[in-house]
Each structure stands twice: as C-alpha cells, then as structure tokens.
Amino acid sequence: VQAAVKAYLFWKGRLPEAEACVRRYAEQIRTEAPRDAAGILCHPACPGEERIWIDSAFAVTPFQLFAGLAFGEEAYVEDAFQHTAKMVAVLRDPANGLLHQAKNFSGELPGRITEDHWSRGNGWGIYGLTELACHLPANHPRRDEAVTLYRDLLEACAKVRNGQGLWHQEMTEPRSYVETSGSALILYAIGAGLEAGVLEAVRWRPVFEQGLAALLVYVSEEHDVFHTCDSCLSPGRGTILDYMARPPVLNDSHAFGPVALAMGQAYLLGIASVTRA
C-alpha cells in the first residue's frame, strides 16, 4: 500500500525523490515476480503451486498503474490491467458475478477455487478495478474494458447489499455478520466512481450515502471499528461455511484503511456530514 501511495504521489509530481524506487519495483514486478501459466502474479512462497489470490489486485494493480502513468511506460499499465482482469476472469462466479478469493490454496486438487463470496475479497477486487476505471485516460485502449469490469462487479455487489446498505461476511448469506472492511472498500469504489464520473449520480449517490450512514454504526466516537473479519486467506477447505466461521474482531489491522478511503470519498464529494443510520 505504501508503494502504491509513493507511485501515485510521484505520478502527481509530489514526490520526485521516489523515482528510482518506483522504477525499480515496477520493473521487478513486471519481469521477475512469479506468475502462473496465465501470467497472473502468484504467491512467491510457493510459485510452483500457482497460488493466486484476489488480495493482490489491491496490492499490485494500483502501483503498476501509477508507475506506468508516471513514466509513460505502457508495459506497466498493461501489466496492471492484465493482472486484475485475468484474476477476475478466473475467480468470478458466473452464477452471480461476485468474486471468489483464491485458487490453489486448499492443498487439495490442483486448480481448486475457494467457494466463498467474501466481502473483503470482493473489496480487494473492486479496488483494483476502481483505480483502473477512474485513472486510465479516456483515450486509453484498455479504459472501456476496465470500466465494464468495474461496473459489472459493482452491479453484482449491489444485488446482495442488505437493507442497511452494507455487505455481509459471506455476501450471499445474510445469516453471516455485517463485515465492515469489505463494505467500506465497496463504498469507496462507488464514491470514487461518482467523483470520476464513471457512475451515474442519480442511481449510485443514494447507495453511497445510505452505506456511509450504516457504516458509521460500526465506528465508535473514539474511532474504534467493529465487525472486521479477522485476517483470512482460504480458511479450512475454503468453503462458504469456513469463511462464515472467521470471527469479526475489534480494530483488526484491515479495519481502518477501508473506512478512511470511504470517508475520504465522502469529503471529496462534498458530503459534509452523515447521520448514523
């Protein structure tokens, strides 16, 4: 995440001293990082097992995108697009359009994909697509594809939000708890799309505002964040029940960034105050 921030600030001319660092790691990711047979970045600890996981869309795609835009290096931009687009193609559930988290992590049959529709996993995926859809230049040859992938995943997420306007740990199962990190990442994606003009305000702004009000129910006046899933990567056998069994915790390390992102978009959209739902 810090690397993506450095790349963004360098692109915007705010951190010129990061040039060598950004160039080095962008090139290293493009040419040296382990990949599966499809060219998707895979877990470096065991590259031969071709383990891919949607979390890396959050970690890698924005960095490569901003590095590419900063240097005018189309190879980095293409790497950013292909990494997330290919993962979405592999991990997308055709029945509902939502994403599964991972492939080849269960230790069972090669090629096995987790059965979940995990909120934070879908948040990681939509984050990568958001940065592509909102920051690729209007005339870029990949922009229309990126916007389509982004809108398609948002539409799938919208179909399973609850009556509060938030999302559950297992997004298709309302008996699971409301999960704040995934909810906040999806809300960020909506807010960023509204700011960039790639979402229709008449439809999506009410969704954004309703979700913000509901999210604040889980954030205390002291800025504690409740109902964030404990760190999670293909738990057990990767079944829906395994994901539902992951407990919500107070102030998990994943809790704060997504909330800050969502609230930052509220500020950028001129939403001065939100009343808790």
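Is Glu78 buried, partly exposed or exposed, and what is its relative accessibility? Glu78 counts as partly exposed, because its relative accessibility is 23%. On that scale, buried means under 20% relative accessible area, exposed means over 50%, and partly exposed is in between, with a 1.4 Å probe and protein chains only.

Some ground rules. This is a predicted model, where local features need pLDDT of at least 70, side-chain atom pairs count only at pLDDT 80 or more, and totals for chains, interfaces and linings use all residues. Residues are numbered from 1 along each chain as its sequence is written, and side-chain values use heavy atoms, with hydrogens and water left out.

Salt bridges next. Side chains of opposite charge can pair when their charged atoms come close. The cut-off here is a side-chain nitrogen of Lys or Arg within 4 Å of a carboxyl oxygen of Asp or Glu. The structure holds 12 of these salt bridges. Glu78 pairs with Arg142, with the closest N and O atoms 2.6 Å apart. That pair links distant parts of the chain, 64 residues apart: Glu78 is in helix 4 (residues 74–91), and Arg142 is in the loop between helix 5 (119–135) and helix 6 (143–158). Helices are DSSP runs of H or I with at least four residues, strands are runs of E with at least two, and both are numbered from the N terminus.

Glu155 has a salt bridge to Arg203, closest N and O atoms 2.5 Å apart. Glu155 sits in helix 6 and Arg203 in helix 8, so this pair ties together parts 48 residues apart in sequence. Both ends are partly exposed: Glu155 at 30%, Arg203 at 40%.

Then Arg175 and Glu173, at 2.9 Å between the closest N and O atoms. Arg175 is exposed, with a relative accessible area of 70%. Glu173 counts as buried, at 17%. As for networks, shared partners join Glu78, Arg142 and Glu145 into one.

On to the aromatics. Rings of Phe, Tyr and Trp (its six-membered ring) pair if their centres lie within 6.5 Å; planes under 30 degrees apart are stacked, over 60 edge-to-face, and the rest tilted. There are nine aromatic pairs in the structure. Tyr8 and Phe66 have ring centres 5.2 Å apart and planes at 70 degrees, so they are edge-to-face. Tyr8 lies in helix 1 and Phe66 in helix 3 (residues 55–71), so the pair ties together parts 58 residues apart in sequence. Tyr8 is partly exposed at 31%, while Phe66 is buried at 4%. Trp11 also pairs with Phe66: centres 5.6 Å apart, planes at 15 degrees, so this one is stacked. Separately, Phe58, Trp124, Tyr127 and Tyr188 form one aromatic cluster.

His227 has a positive phi, near 65 degrees, and is not a glycine. His227 is partly exposed at 29%. Ser234 also has a positive phi, about 45 degrees. Ser234 is buried at 7%, in the loop between strand 3 and helix 9.

Last stop, Thr239. Where is Thr239 found? Thr239 is in the loop between strand 3 (228–229) and helix 9 (240–244). Thr239 is buried, at 15%. Leaving out residues up to four places away in sequence, Thr239 touches Arg112 and Glu115, where contact means heavy atoms within 4.5 Å.
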